[in-house]
Amino acid sequence: MPMAAMKLPHSPRLIHGRQSLVPFTAFTMLFPKPPSPPLAKCSFSISHAFLTRTLSLFSPGILVCGNSSLRGARGNQSRPKSASVQPLTEELMDDQSKDSLVSGDSIRQRFLDFYASRGHRILPSASLVPDDPTVLLTIAGMLPFKPIFLGKIPRQVPRATTAQRCIRTNDVENVGRTARHHTFFEMLGNFSFGDYFKKEAIQWSWELSTMEFGLPPERLWISVYEDDDEAFGIWHNEVGVPVEHIKRMGEDDNFWMSGATGPCGPCSEIYYDFHPEGGNADVDLGDDTRFIEFYNLVFMEYNKKDDGTLEPLKQKNIDTGLGLERMARILQMVSNNYETDLIYPIIEKASELANISYALADEQTKLKLKVVGDHLRAVVYLISDGVLPSNIGRGYVVRRLIRRVVRAGRSLGIKEEVRNNLEGAFLPIIAEKVIELSTHIDSDVKIKAPRILEELKKEELHFVQTLDRGETLLEKMLANALSNAQKSGTVPCLSGKETFLLYDTFGFPVELTTEIAEEHGVTVDMNGFDIEMENQRRLSRAAHTVVKLAVEDGANLTENINETEFVGYDSLSTRAVVESLMVNGSPAINVSQGNDVEVLLNRTPFYAESGGQIGDHGFLYVNGGENQQAAVVEIKDVQKYLGDIFVHKGTIKEGVLEVGREVEAAVDAKLRQRAKVHHTATHLLQAALKKLIGQEISQAGSLVAFDRLRFDFNYGHALTDTQLEEIERLINGWIEAAMFLETKVMPLKDAKEAGAIAMFGEKYGEQVRVVEVPGLSMELCGGTHVSNTSEIRVFKIISEQGIASGIRRIEAVAGEAYIEYINARESQMKNLCSMLKVKAEEVTTRVEKLVEELRMSRNEVENLRGKAAVYKALMIANKAFEVGTSQKIRVLVEYMDDVDADSLKVAAEHLIDTLQDPAAVILGSCPDEGKVSLAAAFTPAVVDLGIQARKFIGPIAKLCGGGGGGRPNFAQAGGRKPENLPTALKKAREDIVAILSEK
């Protein structure tokens, strides 16, 4: 029988002629399902595997015949034949298409199409490298829309739907161990930006789940926030979910927050029940063996203020996420996400290379295969998005995942591949399968395939060398640790020295050592490892080494260079020798006047930027001797590289500077004093915050500059004016008290025991420098400071603001910078007084009066514009025409030149009153360059005919590159393409005439 003649229903729930499994009558009435087209008209086909799983899902007693090799727990078991379904399955076995109703690609597309048919714009997935500086990678489907949700940028569409690629590596150790953890996954989402809200989101999620994807409603459970009675009511009263299948849960589970403050709201989740035989009593939705959460709905309806209170948002948003891999697991009836067609083909390829059967493998072998399947997906898409393996940031994520895959593959016994010039690498072979599966996820992956495969090959071969050197030694170390522990009756542990040897000598990553050790039941002495690292840094500082110095543009300088001796704590000038010069990143022997240069000295008084304090400014002087030319170099920055090598960056002002010449290095004393003042003031500021706000205050960043200081700290609320005044008063009191500072060098352990505070982002050796204001502050700090607090003279806070979730920033000035700040303010005040022709004390009153006059003037202008719009409306009212058969409806569609949006509204409302019921008015204008305004007004009789202004105006606005909304009787919209307005108004006229002519 040909496939077209079978006429199978769209929903798998009806394959055996069953009635719909949706038992909730309220839902059935809300969402009538239109009849599905015959299967022949579909763009996909049904595979044998799909039908097998579908029959298992809805008719557990029926087994499909045929020699099918079913994966997972089912293994390669032979199935008994069933005459009742044999003819059908034999037909389906001829279909070689990999797509089906429940394929991963199909699920993705059906989700997007479902919401597109409900007015959502399908938007492409954003890159895995986000624009958001607060996160390393794209970790959620909503991340690309975060600026819209936070109100930082306007929405481009009222509703959208996406299939967003995501990466999460915070729980990479769980990959393969659970049924659902992944590093790479796709989050299907539908979003509303101030458009629809709870009711629609809930109803559509249910319709999608039960009617589009055919999930039995009796297997679905709902969670809602404990206080969200509205959501509970919609689920129960309107959708029809039984009360016993709705669970109220607390804030930790069902309340979403963007940060300590800002947009937030309750969540509602849909869970699938794999074991409904467990009943309804004492149900725990967190039981992964029974339930899986596959759809999360976030109702963004509140703004959390600094004081912790919630206020309703003016624009309520919807943010949802449906895990593609989870839905595929449910529909494809496999025991975990890895056995879906999204990942399993990758695992099959790895199994083939390892010459093993996944179905017959033990759990540890399956775990390794799952790691390969999961991690390679992540790596391929990361490299495609431009993230290459490195030792920092995103690059380190890629490198670590690749190394985990290489090690898993080697432990599986995957043979080296020598074909296709792979030089023994196997990752490219498996990655080809990932790329093959990428068509509907990211089409760019196939375009970038050569680069991806080459990067994988290069990184794998490099890491294999590391593995070969270290694995043998590590095996011996682990064997010794286990043997010694057995003899002594202690816990087996790998020492810090052994771990460091693997790291330092063989380049064996410490995290890899830890993972392998844990697999053998051996712990790692990380404290001992850290000590060995510090010892190595100390020895390195004391040694005369060959340094490969990488400067900003990536050029390299290789010479024998001593670490720079810093004498700047005790002296602002010293004689020094030029050891190296660089120009534009290249080594130089001499540099002449007018050129920028980087200078390395054997000793220096210049402080190099660190601990938040910027580098010193000053000069290098070369005295002219016999047959030698004098030179002057202005230093504008000093940076520290590779431990304690100071790079002085400046410009040759006079003469020629040569390697080997002796120079007089002199720091600008006035600027150094400003830095010292601001650095000590920063310590006093942290002490004041801890004293007045709370000891939990901790530094999150700082800047010590010549003109100001900046201090970032962890705190969830804005400081009040009173608090800021108290902080200033306290610090100025300490300054007036003229307290001497104490500076000492001591062991790190002793400093911490004494209560010294570590500076943010700093690394410390065994010996540390401690700066103390007795009784007030004690910090580990390598910066420069005043000798006595009286040198600060005065302290003034100039701003306090939030810079990130839970992070506040204070900017302040002290000493000479304070005088400059006050003088600048005084100059600004004099200019204001001159402009306003008032005394300083009268400026505020005068400005308030001007603001009020401006407000009144604007109101007058608005009134005049409104009157002008009404006049124009009267001039075009006679252009109205009648449409309709059963009743005559007056229609007016006109262009109103440059009338602004508010005036257009006034004109539309006036015309509706003038034309009287029934009437429909659509107006358009171009108020400014690049802007379009639209308004639609319908009388009650027109609305009663089922025509709504807000729905009518949307498609018209899209023609002008915009959108809008409103009420059934009145709606407004905007756009950015004035050139399309005539066409849009023409379409509006045609559409309204066509609609009303049928009434």
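Student: How many bridges join E24 to strand E25, and which way do the two run?

Tutor: Strands of a sheet pair through backbone hydrogen bonds, either parallel or antiparallel. Here E24 and E25 (residues 709–714) run antiparallel and are joined by five bridges. Two strands count as paired if DSSP finds at least two bridges between them. The labels come from DSSP runs numbered from the N terminus: helices are H or I with at least four residues, strands are E with at least two. Gln 699 has Phe 713 in E25 as its bridge partner. Four residues lie between E24 and E25, which form a hairpin. E24 (residues 699–704) is mostly covered, with five of its six residues buried; buried means under 20% relative accessible area, exposed over 50%, and partly exposed in between, with a 1.4 Å probe and protein chains only.

Student: What should I know about the model before going on?

Tutor: This is a predicted model, in which local features need pLDDT of at least 70 and side-chain atom pairs count only at pLDDT 80 or more, while totals for chains, interfaces and linings use all residues. Residues are numbered from 1 along each chain as its sequence is written, and side-chain values use heavy atoms, with hydrogens and water left out.

Student: In what order do the strands of the six-stranded open sheet lie?

Tutor: The order is E32-E33-E34-E35-E37-E36, and the pairing is mixed. Strand E32 (881–883) and strand E36 (963–966) are at the edges with a single partner strand each, so one side of each has no neighbour in the sheet. Ignoring direction, neighbouring strands of this sheet are turned by 20 degrees against each other on average. Within the sheet, E35 (residues 932–938) and E37 (residues 970–975) run antiparallel and are joined by six bridges. Leu 934 has Ala 973 in E37 as its bridge partner.

Student: Which helix lies across strand E34, E35, E36 and E37?

Tutor: That is helix H27 (residues 949–959), which runs at about 155 degrees to E35. Axes are lines fitted to C-alpha atoms, for helices over the stretch in contact, and angles run from 0 to 180 degrees between N-to-C directions.

Student: How is the packing of H24 and H25 described, by angle and by distance?

Tutor: Two packed helices are described by the angle between their axes and the distance between the axes. The axes of H24 (residues 843–876) and H25 cross at roughly 40 degrees and come within 8 Å. H24 and H25 are therefore oblique to each other; under 35 degrees is roughly parallel, over 145 roughly antiparallel, 65 to 115 roughly perpendicular, and the rest oblique. H24 passes H25 in a right-handed crossing, where the near helix is turned clockwise from the far one by less than a right angle; anticlockwise is left-handed. Among the residues that meet are Ala 869 and Ala 873 in H24 and Val 906 and His 910 in H25, where contact means heavy atoms within 4.5 Å. The residues of this contact divide into eight nonpolar, three polar and three charged; Ala, Val, Leu, Ile, Met, Phe, Trp, Tyr, Cys and Pro count as nonpolar, Asp, Glu, Lys and Arg as charged, and the others, Gly among them, as polar.

Student: At what angle do H7 and H8 pack?

Tutor: Helix H7 (residues 198–212) and helix H8 (residues 229–239) pack at about 50 degrees, with their axes 10 Å apart. H7 and H8 are therefore oblique to each other, and H7 passes H8 in a right-handed crossing. The contact includes Ile 202 and Trp 206 of H7, and Ile 234 and Trp 235 of H8.

Student: How many of the residues of H14 are buried?

Tutor: Eight of the 10 residues of H14 (residues 427–436) are buried. Among them are Ile 429, Ile 430 and Lys 433. The cover includes helix H12 (363–384) and helix H16 (449–488).

Student: Is Arg 108 buried or exposed?

Tutor: Arg 108 has 3% relative accessibility and so counts as buried. Arg 108 is in helix H5 (residues 104–116). Its contacts beyond four places in sequence include Glu 186, His 440 and Ile 441. Arg 108 and Ile 441 are 333 residues apart in sequence but 9.0 Å apart in space, C-alpha to C-alpha.

Student: What backbone feature does Asp 282 show?

Tutor: Most residues other than glycine have a negative phi, and most peptide bonds are trans. Asp 282 is not a glycine, yet has a positive phi of about 50 degrees. At 81% relative accessibility, Asp 282 counts as exposed. The peptide bond from Asp 917 to Pro 918 is cis, with omega near 0 degrees. Pro 918 is in the loop between helix H25 (901–915) and E34.
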